[in-house]
Amino acid sequence: MNKIVYNIIYAVLYIHALLPLRVLYILSDLLYIPVYYIVRYRRKVVKENLSNSFPDKSEKELLKLERNFYHHFCDYFVETIKLLHITDKEIQERITFKNIELVAELMKDGNSAIMYLGHYGNWEWVPSITLKFEKDTLLGQIYRPLKNEAFDKLFLKIRSRFGSVSIPKNNTLRSIIQYKRSGQKVLIGFMSDQTPSWNNIHYWTKFMNQDTAVFTGVERIAKQTGFSITYLDITRVERGKYNCEVKLISANPKEEPEFAITEKYIREMEKTILRSPAYWLWTHKRWKYKKKDFVNE
């Protein structure tokens with residue numbers, strides 16, 4: 001049954017992917033109406049996240065930001081579908097990478113590296129960064145398997161479009177150690193801007209005007225493996241065009257104080273969001289855990 005469902009979904013989306021993006025953006029504009037006004041997809045969550053993150057904004061400003069977010073959310077959907085049928089040339093015209101030589105420098109002599117990023121802009125286009133590296137460099141991306149097998153298979157196919165490897169979250173450390181032992185040079189992408197599970201909360205900080213529990217696993221992995229760490233700062237230039245700049249977080253993670261790496265990432269992520277807030281994933285229940293409850297536990 002899952003195979004049949006997958007084939008149907010894939011066929012429908014592939015037909016849409018054959019359309020040029022300018023046509024897909026018309027579909028995005030049409031999709032916005034039911035998503036925002038009829039289904040009202042997670043509007044309560046988005047409204048709460050925005051009001052808590054921007055307490056100084058007026059109701060009118062927050063409403064404008066909310067609507068801009070949903071317009072971009074629909075764009076994200078059609079842009080991701082387009083990955084099923086897009087040439088290497090077109091994707092490289094639509095997403096550019098600045099300071100990529102920093103990663104190459106960190107990875108010389110067979111070393112590996114970690115790249116932090118967030119759910120900002122269109123993160124599904126970021127794996128095209130593999131087109132900027134030599135064949136001996138493997139791009140790995142950590143992901144959380146979806147409950148629906150058909151959609152999980154579909155997203156794995158989309159995310160492997162440029163030759164990257166998707167590593168299930170629960171196999172992260174094991175896979176990275178295997179790559180290290182085998183001598184395989186890898187660049188591992190981590191999106192660490194969502195909520196850690198209750199049992200994995202080890203650090204709290206201020207993020208978007210709120211007490212926020214953050215992932216520290218990336219920092220621990222970097223300290224254990226010695227992998228250098230960078231951050232990918234994404235800017236949405238216009239519809240269907242993104243600029244990405246690589247920034248250094250730490251070249252020697254083992255020498256960093258505890259939680260310093262995590263804090264640097266959070267500050268960079270916050271700067272990215274504040275520059276143009278509408279392009280972050282506000283539908284996520286980012287602040288479902290409260291620090292006071294954790295302290296009293």
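Strand E3 (residues 137-143) pairs with strand E5 (residues 185-191) in the parallel sense, over five bridges. Strands here are DSSP runs of E, at least two residues long, and helices are runs of H or I of at least four, numbered from the N terminus. Two strands pair if DSSP finds at least two bridges between them. The model is predicted: local features need pLDDT of at least 70, side-chain atom pairs count only at pLDDT 80 or more, and totals for chains, interfaces and linings use all residues. Residues are numbered from 1 along each chain as its sequence is written, and side-chain values use heavy atoms, leaving out hydrogens and water.

Look at E3 again. Leu 138 has Val 186 of E5 as its bridge partner. Four bridges join E3 to strand E4 (residues 165-168), and these two run parallel. Here Gly 140 has Val 165 as its bridge partner. The chain crosses from E3 through H7 to E4, and this β-α-β crossover is right-handed (with the strands pointing away from the viewer, the path from the first strand over the helix to the second runs clockwise).

Seven of the seven residues of E3 are buried, so the strand is largely enclosed by the rest of the structure. Buried means under 20% relative accessible area, exposed over 50%, partly exposed in between (1.4 Å probe, protein chains only). One side of E3 holds Thr 137, Leu 139, Gln 141 and Tyr 143. The other holds Leu 138, Gly 140 and Ile 142.

Now turn to helix H1 (residues 2-17). Its residues Tyr 6, Ile 9, Leu 13 and Ala 17 are buried. The face turned away from the buried side carries the exposed Ile 8 and Ile 15.

Definitions and conventions:
Expected span 1.5 Å × (residues − 1).
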